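This briefing goes through selected features of the structure shown below. Topics are grouped for reading beside the model.

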Amino acid sequence: MDPVSRVTGRMAPIDRADVDTDQIIPKQFLKRIERTGYGPFLFFDWRASGDFVLDKPEHAGASVLVTGANFGCGSSREHAPWALRDFGFKAIIAPSFADIFLGNCFKTGLLAVTLPERQVRHLIDLAAEDPSAQVTVDLEKQEVRGEGFAYRFAVDPFQRDCLLRGLDEIGLVERHTSEIGAFESHRAEWLPAVK
Amino acid sequence: MPRTIAQKLWDAHVVRVAPGEPDLLYVDLHLVHEVTSPQAFEGLRLSGRHVRRPDLTLATMDHNVPTKGGIKAADDLSRRQMELLAENCKREAIPLYQIGSRHQGIVHVIGPELGLTQPGMVIVCGDSHTSTHGAFGALAFGIGTSEVELVLATQCLPQKRLGDLAVTVSGELPLGVTAKDIVLGVIGRTGISQGQGHLVEYRGSAIRALSMEGRMTVCNMSIEWGAKAGMIAPDDTTFAYLHGRPSAPKGAAWEAALDYWRSLTSDEGASFDGETSIDASQLEPHVTWGTNPGQVVPVTGRVPQPRSDTDERALKYMDLVPGTALADIAIDRVFIGSCTNARIEDLRAAASVIRGRHVHPKVRAMVVPGSMTVKRAAEDEGLDLVFKAAGFEWRNAGCSMCLGMNTDILAPGERCASTSNRNFEGRQGSGGRTHLMSPPMAAAAAVTGHVVDVRELL
C-alpha cells in the first residue's frame, strides 16, 4: 500500500446521517471482479435522480467528503471505499462511521476521520457556502485544518503507523507465523474441519 | 475477574498480544462466497501466496445465483463471478458448494445446518450478516475483502478489543409474535448505530425460549443496529440442534466439547458497557415504514410524524403520509427468504398462515428457501405444495431479492412485504419500497394484499 500522510483539497458535503453502503455503491456493480473502476458508479441511484451534490460543478474535483453520523452502515462491501477512492476522495470526515466500513477505509488507504458533530457541522456548512475552501487532513499531526480553524482528531496509533509507512498488513501478520503455528498445535480436537 | 461470553471467546483465540497493536485472533471457520472474494484471491495470486487452511474454509454461491434455471440463467457478469469462485476454490483446494450441489445455499444458513457452526468458535465471512452464527455462542462477524485476503493467507485477523453490550429480553412472546419482532423491537428502541464498536449478548427468558432458528434471526440483525457481532450463550437447545449434524463432534469428542461449551456463559458480575431490557410479553408484530431498520413500529400503529431529515426523506421515498395506519398500506410483492428468515421453521410459520388461503390477486409472492437442504426438508413436509397451491412461486436457494443481485428484483415504485433484513433505498431493486416483517406477517400480507396484523388470521 502507498503511504498516506496528508490530504489537502476542497470539500464536498453530503449533509445526511446513516448513509448506507447500498447507496454508496448499489449491488449491480458488485458483480465486477476488479478492485478498481468503481468511481462512475458511486452513489449511482442518487446521482441518477439528478441534482445530487457531488455532480454540482463547484464540487468537481473535491477530495474530502464531509458527511453525517454512522456513515457506511449496512453491507460489508469494500467496494464502497473503493468507489469513493476511485471517484477522487482521499479523506472522509464524519461524526461516526460504521465499524466494518471504517476497517475497509483503512485497508483502502482512505483517511476516515471522526470529529465531533459541531465541528463536522462547521465543515459541511463551509463546504456548502464556499466550495473553494481548502482543508488539510493531516494524519501525522492528527488535525483537520483550514483558514481560521484546526481540529484535532484521535486515531488508532497502529493504523496511523501502518498508513504513514504504507505497511502491508498481510506481511505484518506473516511475521508471526511461528506463533500462529504454535496456536494451531493446541486447538481443541473436536473443532470441525470442512470436508 | 468475571468475564462476558464475548471476552471468553476473544481470550481463547488470541494468538498474539502486543502493546499498541490490535490483538491477533485465530479464525476457526472462514466462509467465502462469490461476490466479496474475487479480489482477495487475485491479491493472493499476485503476491504468490496461498490459502493457509483450506480445511477451515468453506465456499458457497449465494449472492447472485439465479433461483430458477441454474447457472445458465445467470447474466454474464454473475456467471463469470461464480465460475471464478469455482476456479479459485479448485486452485486452493477449498471445499465449494456450487450451484446445483445438494448443500448449496446462503452462507449463513449452510454453516449451521452442516454443524460447522459450533459454540466457542471464531467465524468470519465477507458479509455483514455473519453475526448470525453468534446464535450458537460463537464470535462471528463480517469482514471486508482485504480482510478476506488476510484470513485466506494467514487464518488470522488483527482486531482491536471491542466493548460489550447486553440485551435482556424477559417474559414470554405472545402468539403471532416472533424472533424477528424481538430484534425489530430492539432496533426500534436503540436506533441503527448504538451498537457501534460493540459485541452484543442477547439473554433473558424470551431468548432462552427461542429455537436455534429464532436465535439466528435475532443475532443476524445485530449489524442493523451497528453491532459488530451478536451472540447467545449456548444451552441444551443449542446442543440438541447440533447433535448428529455432519460436522458436529461425535462420541468422546462430543462429551469433551460439551464440557467446554457449557462454560461459555457470562460470569456472574461480568460488566457490560450498556444494557437494554425489553419485555417480550408487551411486544407486537413489527413492520418497518422507512428506509432503515430503525424506522419501525408495531403493526397496530401508524406511520409516525417525521422527527429528522432522515425521516422526511424516508417518507418521501416510501411514498407514505404520517398518520397512515400500517394496516392501510397495500402491498405489490411478498418475499419470504434471506439469511434472516428462510430456515425451515420460518417456512413452516409462513405456511401455517397460508394453508387454505390464496395470494391476493394483485400480489406476486415468492418463497426462496435459505438452502437446498431447507428446500428438500420443506418439500418432505409438503410445504411447497401449500405455497404453490396458494399461488406462491417456489424457488431454489439463494440470497435472491434480499439484495436483488439476480433477476429477483422490485420494479420502481413496487412495495414489498419482505422477511429480509434491510429496507434501504433501492436495496430490493432501484426505486423499490421494502417493509420488513416476520415470515407469518409477510404471509398474511400476501393473502390480504396489504400490511395486516397476522394475529387476526390465526
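**Two helices of chain A**

H3(A) passes H4(A) in a right-handed crossing (left-handed means that the near helix is turned anticlockwise from the far one by less than a right angle, right-handed that it is turned clockwise). This is a predicted model, in which local features need pLDDT of at least 70 and side-chain atom pairs count only at pLDDT 80 or more, while totals for chains, interfaces and linings use all residues. Residues are numbered from 1 along each chain as its sequence is written, and chains are lettered from A and ligands numbered from 1 in the order in which they are written.

- Helix H3 (residues 79-87) and helix H4 (residues 99-108) of chain A pack at about 50°, with axes 8 Å apart; axes are lines fitted to C-alpha atoms, for helices over the stretch in contact, and angles run from 0 to 180 degrees between N-to-C directions.
- H3(A) and H4(A) are therefore oblique to each other (under 35 degrees is roughly parallel, over 145 roughly antiparallel, 65 to 115 roughly perpendicular, and the rest oblique).
- H3(A) contributes Ala80(A), Pro81(A), Trp82(A) and Arg85(A) to the contact, and H4(A) contributes Phe101(A), Asn104(A), Cys105(A) and Thr108(A); contact means C-beta atoms, placed from the backbone, within 7 Å.
- Five of the residues in the contact of H3(A) with H4(A) are nonpolar, two polar and one charged (Ala, Val, Leu, Ile, Met, Phe, Trp, Tyr, Cys and Pro count as nonpolar, Asp, Glu, Lys and Arg as charged, and the others, Gly among them, as polar).

**Chain A overall**

- Chain A has eight helices and seven strands; these are DSSP runs numbered from the N terminus, helices being H or I of at least four residues and strands E of at least two.
- The C-alpha trace of chain A spans about 65 × 40 × 25 Å along its principal axes.
- Of its 195 residues, 44% count as buried (buried is 20 or more other C-beta atoms within 10 Å of the residue's own, exposed 12 or fewer, partly exposed in between, with C-beta atoms placed from the backbone).

**Strand S5 of chain A and its partners**

- Strand S1 (residues 6-14) of chain A runs antiparallel to S5(A) and is joined to it by five bridges; strands pair if DSSP finds at least two bridges between them.
- Gly9(A) has Val135(A) in S5(A) as its bridge partner.
- S5(A) is also joined, by three bridges and antiparallel, to strand S6 (residues 143-146) of chain A, where Arg145(A) is the bridge partner of Thr136(A).
- Four residues lie between the strands in the hairpin of S5(A) and S6(A), and Gln142(A) takes a positive phi near 55° there.

**Between the chains**

- Contacts between the chains involve 67 residues of chain B and 47 residues of chain A.
- On the chain B side, helix H5 (residues 145-154) gives the most, with seven residues.
- That side has 26 nonpolar, 27 polar and 14 charged residues.

**A site in chain B**

- Glu284(B) sits in the loop between strand S12 (274-279) and strand S13 (286-288) of chain B.
- Glu284(B) is partly exposed because 17 other C-beta atoms lie within 10 Å.
- Leaving out residues up to four places away in sequence, Glu284(B) touches Val177(B), Pro298(B), Val299(B) and Thr300(B).
- Glu284(B) and Thr300(B) are 16 residues apart in sequence, with 7.9 Å between their C-alpha atoms.

Methods. Contact = placed C-beta atoms within 7 Å.
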